[in-house]
Amino acid sequence: MAVSALEMAQDSSRVFWSFEEVDAKLHQIMKNIYADSKAAADKYGYPGNLVVGANIAGFIKVADGMLSEGVY
């Protein structure tokens, strides 16, 4: 999914990224996912459980997006 999003971003901006640039961007995305998952798991009482943390972090991201669009 992340690589597809990077490809769409590259296509829409009409630029070419090298393999190294795409790999670096993907690496940063994965680091952010890990950090967000760990932080959510710790905050909501499931320290070390990255599955629960990822679910919570994903839910919060969607909920925040909906709120910012005025969906209550």
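Modeller: Contact here means heavy atoms within 4.5 Å. The model is predicted: local features need pLDDT of at least 70, side-chain atom pairs count only at pLDDT 80 or more, and totals for chains, interfaces and linings use all residues. Residues are numbered from 1 along each chain as its sequence is written, and side-chain values use heavy atoms, with hydrogens and water left out.

Start with Ser37. Leaving aside neighbours within four places in sequence, Ser37 is in contact with Leu50, Gly53 and Ala54. Ser37 sits in helix α2, residues 19-43. Helices are DSSP runs (H or I, at least four residues), numbered from the N terminus. Ser37 is buried, at 6% relative accessible area. Buried means under 20%, exposed over 50%, and partly exposed in between, with a 1.4 Å probe and protein chains only.

Ser37 also lines the largest pocket. A pocket is found on a 1 Å grid over the protein atoms alone: it is an open set of points where a 1.4 Å probe fits, with protein on both sides within 12 Å along at least five of seven lines. Lining residues have an atom within 4 Å of a point. The volume is about 220 Å³, counted as the space filled by probe spheres set on the points, which are joined across faces, edges and corners.

The lining consists of Ile29, Asn32, Ile33, Asp36, Ser37, Ala54, Ala57, Gly58 and Lys61. The elements giving two or more residues to it are α2 and α3. Helix α2 supplies the largest share, 5 residues. By type, the lining has 4 nonpolar, 3 polar and 2 charged residues. In this count Ala, Val, Leu, Ile, Met, Phe, Trp, Tyr, Cys and Pro are nonpolar, Asp, Glu, Lys and Arg are charged, and the others, Gly among them, are polar.

Now helix α3. Its 19 residues, 50-68, should span 27 Å at 1.5 Å a residue, and the end C-alpha atoms are 26 Å apart, which agrees. The expected span is 1.5 Å times one less than the number of residues. At the start of α3, a side-chain oxygen of Asn49 comes within 3.3 Å of the backbone nitrogen of Val51. After α3 comes Gly70, with a positive phi near 85 degrees.

One link leads away from the lining. Ser4 and Lys61 are 57 residues apart in sequence and 19 Å apart in space, C-alpha to C-alpha. Ser4 belongs to helix α1, residues 2-13, and is partly exposed at 37% relative accessible area.

Notes
A polar contact is a pair of N or O atoms within 3.5 Å; within protein, one must be able to donate a hydrogen and the other to accept it, and residues adjacent in sequence count only if both atoms are side-chain atoms.
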